[in-house]
Amino acid sequence: MILYDKGYDVIVVGAGHAGCEAALAAARMGCSTLLLSINLDAVALMSCNPAVGGQAKGHIVREIDALGGEMGKNIDATGIQFRVLNMRKGPAVRASRAQADKQLYRLRMKNVLEHQENLDLKQAEVTALHLQDGVAAGVDTRASVRYRGKTVVLTTGTFMRGLIHIGLVNYPGGRAGDLPSIGLSDQLKDLGFSVGRLKTGTPARLDGRTIDFSRLEPQFGDDPPRPFSFSTERIDRPQIPCYIAYTNERSHEIIRSGLDRSPLYAGIIEGIGPRYCPSIEDKVMRFPDKDRHQTFLEPEGADTVEYYPSGLSTSLPIDVQWAFYRSIEGLERVEIMRPAYAIEYDYVDPIQLHATLETKLIANLYHAGQINGTSGYEEAAGQGLMAGINAAMRCRGEEGIVLGRNEAYIGVMIDDLVTLGTREPYRMFTSRAEYRLLLREDNADLRLRDTGYRIGLVRDGDYSAFTQKKRLIAAEMERLAAQKLLLSEADSSFLQEFDLERMQNAISYEQLLRRPDITYEQLARLDSSCMELPDAVREQVEIQVKYKGYIDRQAEQVRRMSRMESARIPHSFDYLSMSGLTAEVREKLHRFRPDTLGQASRIPGITPAAIAVLSIALKVREEE
């Protein structure tokens, strides 16, 4: 084994969305960092859909940005269509989504990494961890080079023993065109980790020159487009439409006729696929009463003819793929540029992690992304950011950062993973968050910017703009509470329009804005200075005023739970010898080894009575 002559604080294995955020976070926090990738031309490659955000995923991207991560800035600089979903619904479920120029996204992120101080990039396949006294101390590569590191972050994506399936043909690959990672997951098993098998898939890429767009329904983005990053003032790139198409009964019959050669239905694929992003053959078989399924044809970039047919992933043989895609109206002559495929890969059960994403078995080893059983670029990037932060904190001799379920969707996701584990690809939804009214996209900076600045990720200029925004919000809230609408001075048409003619006493602007039928635009008829505030300030004030009662109620729930969430449980705590608990509860606590009482309370089968017994046992231990 050749020993590389430079040691690092943090070594990140894998340069997907998790790896990029982990490496940038560690380097920006002042740690010497090494990022290793099997293929440096595939840094931040969008292996599946060329898009960022969506329901709950957009929330995560805004949180990454608020903490000082890069994903939001990267999509703002390379996006070709931006939309805010659920605009007719409440602010808690509104979500940003953007189509990316796939190649520009990759190239810009690589450029950011290459110019980041404290960060080295190297192309290498990691085959094993290097341990010293049972602690992670570096990695070994296929070329017999050992890199030494105080901490290691594994972000292996779909590469560990990756196996690609197209019909009954399969071959090793981390994704189409890239080699898999062999050896690392075997070592993790030998070290005692529970390693499982998952599956995901991707649609074919279609030649836009062979699509009849005149027969399809265009879908345009928002005008003007709304940025993801709190640091982006506006989106200047030209925007490109997507197109809506539908499968039909003929499409479904073609799929059914090819199932005998489907690796999914022939039992060749062992891994469990994503419940919420099924293949088209799964959709056809699960919902036989549906005579069509919708797809969005998404451009992969401004300077390419490739289109991504969202929702039409499949592992059927290539000849069935030709017939299926050409059965769709507008695609009768379509040419496939890259075939659809399914991929199986190894993951490590995340219940073996602390909430900092450090593994419980091996100190100084962190896992992030699909190795933890998640799906999606955004989920991976959120974990990567937190793993990179906590690896850097370990190197600085500081306690790690753990985001609570009331602080961030990232906190909800990580708590779900380390408390419950997963047996299928985990995807974030707003419904997973019990405090989702507090965890809106619009207030991600108010929740997390201070933390990002404190640990050294948020730049001074961005933080100065943030503090100014906070001052403006506070001043406007105070002004609205003090400013009164007097009946004697009010515009009669305004009073009549909003049924205020019988008003007995003066009413504050805050009370007016609390009404569902009055917005800032209407308030400006009384006071034009309202509209002089920045859009982000007005949005924040209006939401805080209109939803104050609900927000206060959730904040009170958080306060009631905070004591339990902060009650730490020593990792060495002996559950098996505890009295007052059933054998089932003792076994579950011993297996999951929760970090806090709050985590313990969310383990299935752990009753409130068991938590009370555990709480008393912890107090007795503290007093001894």
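Me: Buried means under 20% relative accessible area, exposed over 50% and partly exposed in between, with a 1.4 Å probe and protein chains only. Does Thr78 count as buried or exposed?

Reply: This is a predicted model, in which local features need pLDDT of at least 70 and side-chain atom pairs count only at pLDDT 80 or more, whereas totals for chains, interfaces and linings use all residues. Residues are numbered from 1 along each chain as its sequence is written, and side-chain values use heavy atoms, with hydrogens and water left out. Thr78 counts as buried because its relative accessibility is 3%.

Me: Where is Thr78 found, and with which residues is Thr78 in contact?

Reply: Helices (H or I, at least four residues) and strands (E, at least two) are DSSP runs numbered from the N terminus, and Thr78 belongs to helix H3, residues 71–78. Contact means heavy atoms within 4.5 Å; apart from its neighbours within four places in sequence, Thr78 is in contact with Ala100, Asp101, Leu104, Tyr105, Arg108 and Arg237. A polar contact is a pair of N or O atoms within 3.5 Å, where, within protein, one must be able to donate a hydrogen and the other to accept it, and residues adjacent in sequence count only if both atoms are side-chain atoms. The side chain of Thr78 reaches the backbone oxygen of Asn74 at 2.7 Å.

Me: Which backbone oxygen does the side chain of Thr419 reach?

Reply: That of Asp415, at 2.8 Å. Thr419 lies in helix H10, residues 409–420, and counts as buried because its relative accessibility is 3%. Setting aside neighbours within four places in sequence, Thr419 is in contact with Ile351, Phe592, Gln599, Arg602 and Ile603.

Me: Which residues of the largest nonpolar core touch the most other members?

Reply: A nonpolar core is a set of buried Ala, Val, Leu, Ile, Met, Phe, Trp, Tyr and Cys residues joined through side-chain atoms within 4.5 Å. In the largest one, which has 73 residues, Tyr105, Leu113, Met386, Ile389 and Ile410 touch the most other members. Helix H9 (residues 377–395) gives the most to this core, namely 10 residues. A second, separate core has 23 residues, including Tyr243, Tyr307, Ile328 and Ala340.

Me: In what order do the 6 strands form an open sheet?

Reply: Strands of a sheet pair through backbone hydrogen bonds, either parallel or antiparallel. Two strands pair if DSSP finds at least two bridges between them; here the order is S14-S15-S16-S17-S13-S18, with antiparallel pairing. Strand S14 (217–219) and strand S18 (336–338) are the edge strands, each pairing on one side only. Strand S16 (residues 294–299) and strand S17 (residues 306–310) run antiparallel and are joined by 4 bridges, and Glu298 has Tyr308 in S17 as its bridge partner.

Me: Which peptide bond is cis, and what is the phi of Asn364?

Reply: Most residues other than glycine have a negative phi, and most peptide bonds are trans. The peptide bond from Asp223 to Pro224 is cis, with omega near 0°, and Pro224 lies in the loop between S14 and strand S15 (242–246). Asn364 has a positive phi of about 70° although it is not a glycine, and its place is in the loop between strand S19 (341–348) and strand S20 (365–367). Arg593, also not a glycine, has a positive phi of about 45° and is found in the loop between helix H18 (583–592) and helix H19 (597–601). Asn364 counts as buried at 15% relative accessibility, and Arg593 counts as buried at 17%.
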